[in-house]
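Okay, thanks for coming, everyone.

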Amino acid sequence: PLEVKVALSPVSASGALNNLRIETAGKNFGQLCAQAGQKWEDALSVIDVKGDYDQVCNIYSSMYHTMINPCVYTDVDGQYRGLDHNIHKADDFTNYTVFSVWDTYRALHPLFNIINRRVNTDIARSMLKHCEQSVHKALPIWSHMANENWCMIGYHSVSVLADAVAKGLPLDKEEVLKAMVSSSTIPYLDGTGEYMEKGYVALDHNGSAASLTLEYAYDDWTIYHTALLAGNRSVADTYKKRAANYTNVFDTNMGYARPRYADGRRKENFNLLNTHGEGFIEGNALNYSFYVPQDVDNMIRLMGGDKSFVSKLDSLFTMHLPAEFFAQTEDVTEEGLLGGYVHGNEPSHHIPFLYAWTSQPWKTQYWQREIMNKMYRNNIDGLCGNDDCGQMSAWYILSSMGFYPVCPGTDQYILGSPLFKSVTLNLENGKKVVIKANNNGEANRYISSMKVNGKNYTKNYLIHGDLMRGMN
C-alpha cells in the first residue's frame, strides 16, 4: 500500500509541515478517517428531522453544503496570510476565508447565527481583520484566500455584521460600526460616490445602476440599525436617510423599479423581463423590484397597494417567461424558474415570504412548498442553480423548518410552513427548538393554528431571542 500525507498552509511550506505533524501525529489513515467522520457526525447532529427518505437526504446534504465554506484559513499556531499579504497571528479567533457575501448574507449567515454561532463569530472577526488590512479599509465583497475578487455588487458584509450584532454575537459594536461606515463611504467603489451625492446610481454611468441603488439602500438600513444598537444617533440619522434611497428608482406609475439617468430621467424603452441593458445584474426588474426587505410596507405602497402587490406576486409565480429573457443570463436557467420567479439565483430568495405582509399570507406557505418540492431533489442534479457557497442550501434548511430571515439585521424570522412533521434543533447553548407539524403533508401545507411553548401564537414571525431560549 502507498500512503500519501498532504497538508496545506496559507503561510509557508514549514507551516504546512507543522500542521501535518500536529494534526496527524501518531494517527494512521483509518484513525484520521474515523476522526473526520465523527466531526461531520457532530456537526450534522445539530438538526434531527422526521420525514421521508428523500427529504432527510436533502436536509443533510444541504447541511453539508453550508459547512464547506467559509473555510478555515489559519495554521495550527494561529498564523495566517492577511489581505495585505503579510503574516498575521489570530490570537483570539480562527481566521476564515471564502466570503461569497452577495449570496450568503441572505440565509447562510443568519442560519449560522442560530446553529453555528461560534463559527459565525470567528467569520465576523475575520471580516473585521479584512477591513483593517484592506488598503481601501473595506469589508469583504468577495474575499478569497487573502485576495479580494471584487465579484458582484453591494457592500453586504455590513449585513453579515449587522445580523451578528442583532443576534447577540460577542462583537465590539463600535468596531463593527466603524468598519461599516468605512465600507459604505468609499467614493470610487461601484457608484458609491454618485449614490451618496444623488441618492441613486445613474444608468449612464453603471450598467447595474438600479440593482446597486436597491442593494445599497438595504445595506444602509443595516448600518442604521446597528448604529441604533451602538447608541450612535448621528450615524443612525445619516443612514436612515440613505436607507430610503430605494424610492429614487421606483416608478410609481408602472409600480416597478426603473433605473434613472444622471439627469433624473427614467430609462426609455424599458422592459421588465430583460436581464441585460435594463440596469439590473443577474436579474430583471420583475424580480428585483421586490428587493426592499427593510421597508416592505412602503414597497407595497409604491407598487400600488395591497391588491396590486398581491396581483404582482401572483403573476410573478404563475406567468410564462420566454427563454429569450434568461437564456444568456449567468446563473439563471429554466430549471430554476417558477413562472417568472427565479429561485436559481439569489436576489429573489426572500420573495415567497412577502405575502406575509399582505391580506393573503397563506400564499407564502403554498409557494414555499412548491419551491422546496421542485427545486431541491435527492439526485446528482438536485439543485436548481449554483449553490453559491451554501446560500441555496441554507434557504432550504430555514424554509423547511418553516421560517426565513427576509431582512437580515433584524431579529425576526417570517413564518412559512414546515416541510417536516418534526424537526429538533440542538443549539450550542444546550437548548432545543422542537417544531412539530401534525398532519403535515402535500394536501396539508397550510397552518391553521400555532402554539409556542403551549400558548397560542398569532404573530407571523418568530423572534431570535425566543429561539435561543428554546421553544416547542
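**Pockets, cavities and rings**

Let me start with a lining: by class, the second largest pocket has 14 nonpolar, 11 polar and 4 charged residues around it. Here Ala, Val, Leu, Ile, Met, Phe, Trp, Tyr, Cys and Pro count as nonpolar, Asp, Glu, Lys and Arg as charged, and the others, Gly among them, as polar.

Quick housekeeping. This is a predicted model, where local features need pLDDT of at least 70 and side-chain atom pairs count only at pLDDT 80 or more, while totals for chains, interfaces and linings use all residues. Residues are numbered from 1 along each chain as its sequence is written, and side-chain values use heavy atoms, with hydrogens and water left out.

Back to that second largest pocket: it holds about 710 Å³ of space. Of its 29 lining residues, Lys436, Ala437, Ser449, Met450 and Lys451 lie nearest the centre. Strand β15 (432–436) gives the most to this lining, with 4 residues. By pocket I mean an open set of points on a 1 Å grid over the protein atoms alone, with protein on both sides within 12 Å along at least five of seven lines; a cavity is a set where a 1.4 Å probe fits but cannot get out, and lining residues have an atom within 4 Å of a point. Volume is the space filled by probe spheres set on the points, which are joined across faces, edges and corners. Helices (H or I, at least four residues) and strands (E, at least two) are DSSP runs, numbered from the N terminus.

Now the largest pocket, at about 1,700 Å³. It's lined by 45 residues, and Glu23, Lys39, Trp40, Cys71 and Val72 are the closest to its centre. Which helix gives the most to that lining? That's α2, with 9 residues. By class we get 26 nonpolar, 10 polar and 9 charged.

On to cavities: the search of the whole structure finds 4 of 30 Å³ or more. The largest has a volume of about 120 Å³, and its 16 lining residues include Leu83, Asn95, Tyr96, His130 and Ser143, which lie nearest the centre. Helix α6 gives the most there, with 4 residues. The second largest cavity is about 80 Å³. Tyr105, Arg106, Tyr291, His350 and Val406 are the closest to its centre, out of 13 lining residues.

Two of those names come back with the rings. Tyr105 and Tyr291 sit in one aromatic cluster with Tyr218, Phe280 and Tyr288. Rings of Phe, Tyr and Trp (its six-membered ring) pair if their centres lie within 6.5 Å; planes under 30 degrees apart are stacked, over 60 edge-to-face, and the rest tilted. Arg106 turns up too, over the face of Trp102 at 4.8 Å from the ring centre; the rule is NZ of Lys or CZ of Arg within 6 Å of the ring centre and within 35 degrees of the ring normal.

In total there are 21 aromatic pairs. One is Tyr80 with Phe93, edge-to-face, 6.3 Å centre to centre and 70° between the planes. Tyr80 is in strand β3 and Phe93 in the loop between β4 and β5, so this pair ties together parts 13 residues apart in sequence. Are these two buried or exposed? Tyr80 is buried at 2% relative accessible area, and Phe93 is buried at 8%. Buried means under 20%, exposed over 50%, partly exposed in between (1.4 Å probe, protein chains only).
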